[in-house]
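Subject: Structure handover

Hi,

Here is the structure I promised you. Please open it and keep it beside this email as you read.

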Amino acid sequence: MAPQLSHAGSRFLARGTPIPGEAAAGDHLQAEYHLWLVGHQLDHGRAPWRDPYTFRPESPPRWNFGGWPFGLVFWPLDALFGHVRAWNLFLLLTYLAAGGFAYLWLRELAIPAAAAAFGGLVFALEPYRVAQSAGHLRGPISALLPLALWALERGRRGSWWGYAVACAALASIPFSDVHLALGAIPFFLLYALCRGAWLDGVLTTAPALAAALLVGRYSTSGIGSGGRSLREVSHYSATGLDFVTRHPRHGLESFVFLGWLTPLLALAGLVVLVLARRWWLVAVLAVGALVPLLLALGTHFPLYSMLWHHLPPLRYPRVPERQMPVACLALAALAAFAVARLRWVLVAALLVLVAADLRVSIYEAAAAEPGRAAYAGLLTPGRLLELPVLHPGVHLGSVYLWYDQVAQRERPGGYSTIAPQSAARLSLRLAELNCGDWRHGDDALLRRLGVRYVAFHRGLAGETGWFAWRALRRHGFGQAAHDDGVTMLRLGGIRGSSPVPEPRKRVVFCAGWKGASPRYRHAAFWARARLRVHFTTHKRVRVRLSLDGRAVRSLLVTRPVTVRVGHTGWRLVGIDVNRADRGLRVRVEPVT
C-alpha cells in the first residue's frame, strides 16, 4: 500500500512483509525498537545502552548499540506523538539532516549556495540511501559523515568545538552500522590527509576506531562470530545492471541504482576539478566514489575474493554494498562542483531534473496497529514466549519486538543477527513447539525459563499452528486475551478455541526437514491415516520411529526399508537418527 498523509499515525513509512491480522514485519521494527528503548530506559532510570528484555535468561542484558545517537532524538518525538508518528517524523527529519549537513560541508569547500544545496539534495535523495532508510538505520546514520567533514573544516578554522563535533559524529557511526564504519572512517582519514590536516584526522578518527573495535568485539561474538562465507556474499552481490535499474531486482540490499543523469553530472564535476587543478579533491572524491562501487559488486568484482581472504574485517559483512553511502556523498559533491559555475536559474532547473532522475518507489504504508491489544493482557509476572518460535536471524521476528514494547517483559526470543549462540540453540529446541512436538523435558525447560505467557501469532503459525495450539492447551495454557491475529495464552488458563483451522491434509510435516531428509537429529510429521514410511540412505544410519513420543520401532537402515504405521486420528510421528549427515531420505505414503 502506498503511503498517504492519513497513514501518518497508523502505518509506518517503511517497507515491510504483510502478516494477516498483525503488524507488517521488517527491519524498521527492529530499528524503531532500538530507538524506543533508549527513552524507555531513561524514563525508568535505567542505563539507556542496555536491552533488558530479549534473549533472557540465556543472556545478560544486551548492549543496545543501535540506539545511539538517534535514540536521544526519538525519545521526545515518541513522548509527544507516539511510536508510529515518531518514526515517520524521525525519518523525514533525517532527510533534512542529510541534505543540510551535506550543504554545510560543501559550502566550506567554497561552493556557491545554490550548487551546495544541489549537492545536498542529491545526497539526501540518492536511491541507496532512500532504500536503506526504509528499515535500516544505515540511511539515517550516513548523514553523520558530511557532518563530520563539515565539523573538521570548522576545526581547521580554529574552532575547538568543530573537532569535538567531528569526533562525536564519526564515532557514532559504528554504533548504528559498524559495516558502514569500515568505509566511512578510512574516507574521513583520507580526506583529512589530503586536506593537509593529517594530525587532526588521526586524532579525530581515534575515538571512531575505538568505537568500531568495541562494537565489532560484541557483534562478532554471537551467531555471526565465524564471519560470512563468500557464498553468502555472492547472494547479495550487485551486478552492473543494478546500478542503472530503477527498481530492486533482487531485494533492497543489492539495490544500488545511481540515477541516469546524476553519474553524468558527477563525471562532469570530476572534469571541472581536474581543470581547476584541485588535485586533493579529485583524489578524495574519485576514491570515495569508485571504491564502494567496486566493493558493491562483491564476488562479481574479480579482486573481491582476494580482499576477503586478506582483510579480516571484510569477512563479516554478508552484504558488500554497506559502504555505498560514502559513494553517494562523493557523487553528490562531484555533481555540486559540476553546477557550481551555472546561474541559479539553471541550477534550479537541473535540481528538478535530478529529483525526477533519483525518484524511486521504495516506501510503503506498513501496518502497525493490529494485535497490540492482546499484549495488554499481561497482568502478572512471568516471561513471555512467542509462537511460532523463530531463529534470531529470521526477519519475521522483528514483529515480536514491536509488540514487546507493550509487554515490556523478559522473553527467551529476540531478533538479531548477532544474537548469543546459546539463544540461537534454545530457539532451535523451542521451535519444535511450533508443530506441537513437545518432547520429554520441554515442560521443565519452560519452567526453568520462567515462561508463564505464550503469544500465539496466527499470521505466522502456518499449517502446523493447529497442532501447536492443541499442544499448548494440553500442557496447561489457556487464552487470556485476543486481538485480531494475536492470542495471548496464560499458564493455568482454561478457555479458548484455536484461531487457526484444522489442516485438511492427511500428512503435515513439521519444520525440521530439508527436502525429504531430517535437517537435524530429530524430525517429525503429523498424520491421520495408515502409512507406509519408506527409508533410503547413502550411509548406514540408526533410526528410531516414535508415535506421540513413544518409541515403536528401531532399525538400522543400510538399504531401502519400508515400515507400516497404522492408527486413526492425528498422531505425531517422530524420526530420530544418530547422525543427520548420512543422507537419510524419508518418503511417506498414505495407505488408502
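A cavity here is a set of grid points where a 1.4 Å probe fits but cannot get out. A pocket, by contrast, is an open set. Please bear in mind that this is a predicted model.

The largest cavity holds about 150 Å³ of space. Its lining has 18 residues, and those closest to its centre are Val389, Leu390, Pro412, Gly413 and Gly414.

Which elements supply at least two residues each to that lining? They are β5 (383-387) and α19 (421-430). The largest share comes from α19, with four residues. By class, the lining has twelve nonpolar, four polar and two charged residues.

**The second largest pocket**

Helix α19 turns up again here. Together with α21 (458-461) and β12 (522-527), α19 is among the elements that each supply at least two residues of the lining of the second largest pocket. The volume of this pocket is about 720 Å³. It is lined by 29 residues. Nearest its centre lie Leu428, Ala431, Ala511, Gly512 and Tyr520. The lining divides into 16 nonpolar, six polar and seven charged residues.

**Salt bridges**

The count comes to 23 salt bridges.

Start with Glu58 and Arg448. They form a salt bridge, and their closest N and O atoms are 3.2 Å apart. Glu58 lies in the loop between β2 (50-51) and β3 (62-63), while Arg448 lies in helix α20 (residues 442-449), so the pair ties together parts that are 390 residues apart in sequence. Is Glu58 buried, exposed or partly exposed? Its relative accessibility is 24%, so Glu58 counts as partly exposed. The limits for that class are 20% and 50%.

Next come Arg195 and Glu153. Their closest N and O atoms are 2.9 Å apart, and the two form a salt bridge. This pair also links distant parts of the chain, 42 residues apart. Arg195 is in the loop between α9 (178-194) and α10 (198-219), and Glu153 is in helix α7 (residues 144-156). Arg195 has a relative accessible area of 24%, so it is partly exposed. Glu153 is at 2%, so it counts as buried.

Salt bridges that share partners join Glu432, Arg439, Arg544 and Asp576.

**Aromatic rings**

How many aromatic pairs does the structure hold? The structure holds 21. A pair of rings is described by the distance of the centres and the angle of the planes.

Trp63 and Phe65 are stacked, at 5.8 Å centre to centre with 5° between the planes. Trp63 has 34% relative accessibility, so it counts as partly exposed. Phe65 is at 14%, which means it counts as buried.

Phe467 and Trp570 pair edge-to-face. Their centres are 4.9 Å apart and their planes are at 80°. Phe467 is in helix α22 (residues 465-474), and Trp570 is in the loop between β16 (561-565) and β17 (571-577). The pair links distant parts of the chain, 103 residues apart. Phe467 is buried, with a relative accessible area of 1%. Trp570 is buried too, at 11%.

**Charges over rings**

Arg217 lies over the face of Tyr218, at 5.8 Å from the ring centre. Arg129 lies over the face of Tyr95, at 5.5 Å from the ring centre.

Best wishes

Methods. Residues are numbered from 1 along each chain as its sequence is written. This is a predicted model: local features need pLDDT of at least 70, side-chain atom pairs count only at pLDDT 80 or more; totals for chains, interfaces and linings use all residues. Side-chain values use heavy atoms; hydrogens and water are left out. On a 1 Å grid over the protein atoms alone, a cavity is a set of points where a 1.4 Å probe fits but cannot get out, and a pocket is an open set with protein on both sides within 12 Å along at least five of seven lines; lining residues have an atom within 4 Å of a point. Grid points are joined across faces, edges and corners, and a volume is the space filled by probe spheres set on the points. Ala, Val, Leu, Ile, Met, Phe, Trp, Tyr, Cys and Pro count as nonpolar, Asp, Glu, Lys and Arg as charged, and the others, Gly among them, as polar. A salt bridge is a side-chain nitrogen of Lys or Arg within 4 Å of a carboxyl oxygen of Asp or Glu. Buried means under 20% relative accessible area, exposed over 50%, partly exposed in between (1.4 Å probe, protein chains only). Rings of Phe, Tyr and Trp (its six-membered ring) pair if their centres lie within 6.5 Å; planes under 30 degrees apart count as stacked, over 60 as edge-to-face and the rest as tilted. A charge sits over a ring if NZ of Lys or CZ of Arg is within 6 Å of the ring centre and within 35 degrees of the ring normal.
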